[in-house]
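My notes follow in the order in which I looked things up.

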Amino acid sequence: MEYYIAIILAVAFFVYSISFRQLARAELTGPMYFVLVGIAISASFIDSFESSQPLDTLLPLVELTLAVFLFSDAAQTRIAVLKREYKYPLILLFFALPLTFFATLLTGYVLFPHTSLIALALIAIILTPTDAALSKGILEAKAVPAKVREAINVESGLNDGLCVPIFLFLFLSWQTDSWQSPSKMIEFVIKEIGIAFICSVVITYIATKLIHFSALRHYFEKASSPFLILSLAIINFSVAQALGGSGFVAAFCAGLIFDKLYVRTSDVKLIQQSETIADFFAYLIWCLFGVYTYWQLQTIDLTTNKIIFAIVAATLVRVVPVMLCLILSNGINLKDKFTIAWFGPRGLASIVFTLMVLDSTDGLISELTTLTILVSVFIHGVTTRPIAKSYEKVS
């Protein structure tokens, strides 16, 4: 069976590679395509997946892939633009993000009133972080204002890292069936973010000095350069995690620091090449998510309330808080505000959190988070190209 699955995966990647532009014109994004491939694989080999949870053992790979994306996204952030437009990411992170969390919590409480508040809060924090990689068409569209793209990118890079301490706090509360003390929460935040920041500064500073030293003496070739970025992202993530900090925050901070310290040359495109490698693993994870989703849909009691929750959690609980928080911002028009509000797709970060609780929680948590991620992949995927095109028409 393993070889048949390998054949299907290889063919799927080959077809995607030779028809990339046609798929884009058909409004079929990479995550959408590979989720459908995973669903097809699971439907064909369903008996082999019934007694297992195929994503559970792949948590480290998913985490490392997310870390690489966080690093590369941050390293491609234009600091000059960010300095001018820092207020939008700050509004999204410190005002819209908490409101999104509470809106998701309230939605869960209305639809599932008999579920414990801790479980609903855990669902809410799993679905609060966003994944800019799913809206890459917006981030790469030059017609979209830079401040809009940077707001989406920076928020996506930092919000999952900021959600980690809250997630751990709620997960611990769920496991003990009692709320942890506020002091415990403060300890989590200081420890996770503080350790991550220190690790990112020290490691990235030393690494950039070594890269400069090696580049000046021609110690490495362009062909091997992608591994520098991949290894740097993974080192930051792993060291921070090993020391008790947030690896995701460390990876993103390291990317920002790398962007500041690294002097680019015309012949070495480190970041773009490493991101292409990371794309392969990300698409593989989306394929496996499709496998897991189909397997779960065979056992789930798909009620109306669960479907409503997934749709609302993927859209309104993000759009309404962000629009409210940006309503007084005069620097961007209504269309820009809606674009920022709309593009909050749930992706790898939510998958990571779901996998972390997979063996320790009841079925409702994994069911609702999986359904919401699935809805988000297709809703945001289908709308990325049309919204990006709308900016081209205006310009």
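**Entry 1: Cys325**

I looked up Cys325 and found it in helix α16, residues 316-326. Helices here are DSSP runs of H or I with at least four residues, strands are runs of E with at least two, and both are numbered from the N terminus. The model is predicted, so local features need pLDDT of at least 70 and side-chain atom pairs count only at pLDDT 80 or more, while totals for chains, interfaces and linings use all residues. Residues are numbered from 1 along each chain as its sequence is written, and side-chain values use heavy atoms, with hydrogens and water left out.

Is Cys325 buried or exposed? Cys325 is buried because its relative accessibility is 18%. The cut-offs are under 20% relative accessible area for buried, over 50% for exposed, and partly exposed in between, with a 1.4 Å probe and protein chains only.

Next I listed what Cys325 touches, not counting residues up to four places away in sequence: Ile91, Phe95, Ala96 and Leu99. Contact means heavy atoms within 4.5 Å. I also noted the pair Cys325 and Leu97, which are 228 residues apart in sequence, with their C-alpha atoms 9.9 Å apart in space.

**Entry 2: The whole protein**

I counted elements and got 19 helices and zero strands. Of the 395 residues in the protein, 55% are buried. I then took the contacts between residues at least 6 apart in sequence, and 84% of them join residues at least 24 apart.

For confidence I read the pLDDT, the predictor's confidence in each residue, from 0 to 100. The protein has a mean pLDDT of 85, and 89% of its residues reach 70 or more. Which elements have the lowest and the highest mean pLDDT? Helix α6 (residues 79-84) has the lowest, 58, and helix α15 (residues 304-314) has the highest, 97.

**Entry 3: α10 against α11**

I looked at how helix α10 (residues 146-176) packs with α11: the angle is about 140°, and the axes are 9 Å apart. This angle makes α10 oblique to α11. Under 35 degrees counts as roughly parallel, over 145 as roughly antiparallel, 65 to 115 as roughly perpendicular, and the rest as oblique. The axes are lines fitted to C-alpha atoms, for helices over the stretch in contact, and the angles run from 0 to 180 degrees between N-to-C directions.

I noted that α10 passes α11 in a right-handed crossing. A crossing is right-handed if the near helix is turned clockwise from the far one by less than a right angle, and left-handed if anticlockwise.

From α10, the residues in this contact include Leu162, Ile166 and Phe169, and from α11 they include Met185, Phe188 and Glu192. By class, the contact has 11 nonpolar, no polar and two charged residues. Nonpolar covers Ala, Val, Leu, Ile, Met, Phe, Trp, Tyr, Cys and Pro; charged covers Asp, Glu, Lys and Arg; the others, Gly among them, are polar.

I picked out Met185, which is in helix α11. Met185 counts as buried because its relative accessibility is 19%. Neighbours within four places in sequence aside, Met185 is in contact with Pro165, Ile166 and Phe169. The C-alpha atoms of Met185 and Ile166 are separated by 7.3 Å, and the two residues are 19 apart along the chain.

Between α10 and α11 there is a loop, and Asp177 lies in it. The phi of Asp177 is near 60°, a positive value in a residue other than glycine. Asp177 counts as exposed, at 64% relative accessibility.

**Entry 4: α11 against α12**

I then followed helix α11 (residues 182-216) to helix α12 (residues 226-242), where the packing angle is about 145° and the axes are 9 Å apart. Here too I noted a right-handed crossing, with α11 passing α12. The contact involves, among others, Ile195, Cys199 and Ile203 in α11 and Leu232, Ile235 and Asn236 in α12. Its residues divide into nine nonpolar, three polar and no charged.

Leu59 is in helix α5, residues 59-75, and counts as buried at 17% relative accessibility. Leaving aside neighbours within four places in sequence, I found Leu59 in contact with Val352, Leu355 and Met356.

Asp279 is in helix α14, residues 270-297, and is buried with a relative accessible area of 17%. With neighbours within four places in sequence left aside, Asp279 is in contact with Phe69 and Lys136.
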